[in-house]
Amino acid sequence: MNYKTHDPDLNKKETKDVTKQILKQIGEFQYLMHAEEKHSLLIILQGLDASGKDGLTRGLLKYCNPVGYSIKSFKKPTPEEYTHDFLWRVHKHSPAKGTIQVFIRSHYEDILVPTVEKIFPEETIEARYELINHFEKLLEHNGTKVLKFFLNVSPEVQKKRLKERIELERKFWKHNDGDWETRKKFDAYLGVYEKIITRCNTIPWQVVPADTNWQKLYFVAKTVLETLTNLNMKWPPLETELFKGKKS
């Protein structure tokens, strides 16, 4: 996968200053979206372990009103979820009009993990690529703008972040022995992501340099702001019988 994990051309201080203003604007647009109730936004965050999905989410929503957004983190399917089609558990968390929904991991895990770990027959996994394309088109048809970000972290930075989870007390809670086993398959997972980015492209992916948190936040926030701006949202008009015909 020949994508950047770091952009050397960005100035850290200037970028962080710009990002702060972008985040404030996102907060204003999010409140407008909640008031207008015509659009919704689904932000999908995918990436290898320690690519920084949780931290990015926290930073991205810093100035947003909790009443208008929600966050869903997808893990291994439960026994109940396994009894349904693979999109069942995802579809019910798609955002209602007026809200922003963040998926930390998503339906793409149902291609990624089964492929590398060889959980299902190949034909079962192959069918999921096009099913996901149709699913995302359905969401957009219903007024949900879908943004998909792959957080591209280098193996060196991933190792550094995983080591912090066994060395820093405040990060102990993040540690999972399984992450070190998964790390041994870094290239295999990256290969599947490349296939996903190529084939599930009805709604295109944004590949984000994820070796530094400030760059990662900047690139994602910039795209989110552009998307919200292009929705051309407006404050709803006053609806009243009590003050009908009266001048302010």
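1. A salt bridge here is a side-chain nitrogen of Lys or Arg within 4 Å of a carboxyl oxygen of Asp or Glu. The model is predicted. Arg199 and Glu126 meet this criterion, with N to O at 2.8 Å. Arg199 sits in helix H9 (residues 186-199) and Glu126 in helix H6 (residues 122-141), so the pair ties together parts 73 residues apart in sequence. Arg199 is partly exposed, at 32% relative accessible area. Glu126 is partly exposed too, at 27%.

2. The whole structure holds 15 salt bridges. One of them joins Lys160 to Glu164, with the closest N and O atoms 3.3 Å apart. Both residues lie in helix H7 (residues 155-167), four residues apart, about one turn of the helix. Lys160 is exposed, with a relative accessible area of 53%. Glu164 has 18% relative accessibility and counts as buried, because the cut-off for buried is under 20%.

3. Glu181 and Lys184 form another salt bridge, at 3.1 Å from N to O. Glu181 is partly exposed, at 45%. Lys184 is exposed, at 64%.

4. Salt bridges also link Asp49, Arg105 and Glu109 in a network.

5. Now the helix packing. Helix H1 (residues 12-36) packs against helix H10 (residues 213-230) at about 35°, and their axes are 9 Å apart. The crossing of H1 past H10 is left-handed. On the H1 side, the contact residues include Ile22, Leu23, Ile26, Phe29 and Met33. On the H10 side, they include Trp214, Leu217, Tyr218, Leu225 and Leu228. By class, this contact has 13 nonpolar, four polar and three charged residues.

Technical notes:
Residues are numbered from 1 along each chain as its sequence is written. This is a predicted model: local features need pLDDT of at least 70, side-chain atom pairs count only at pLDDT 80 or more; totals for chains, interfaces and linings use all residues. Side-chain values use heavy atoms; hydrogens and water are left out. Axes are lines fitted to C-alpha atoms, for helices over the stretch in contact, and angles run from 0 to 180 degrees between N-to-C directions. Helices (H or I, at least four residues) and strands (E, at least two) are DSSP runs, numbered from the N terminus. A crossing is left-handed if the near helix is turned anticlockwise from the far one by less than a right angle, and right-handed if clockwise. Contact means heavy atoms within 4.5 Å. Ala, Val, Leu, Ile, Met, Phe, Trp, Tyr, Cys and Pro count as nonpolar, Asp, Glu, Lys and Arg as charged, and the others, Gly among them, as polar. Buried means under 20% relative accessible area, exposed over 50%, partly exposed in between (1.4 Å probe, protein chains only).
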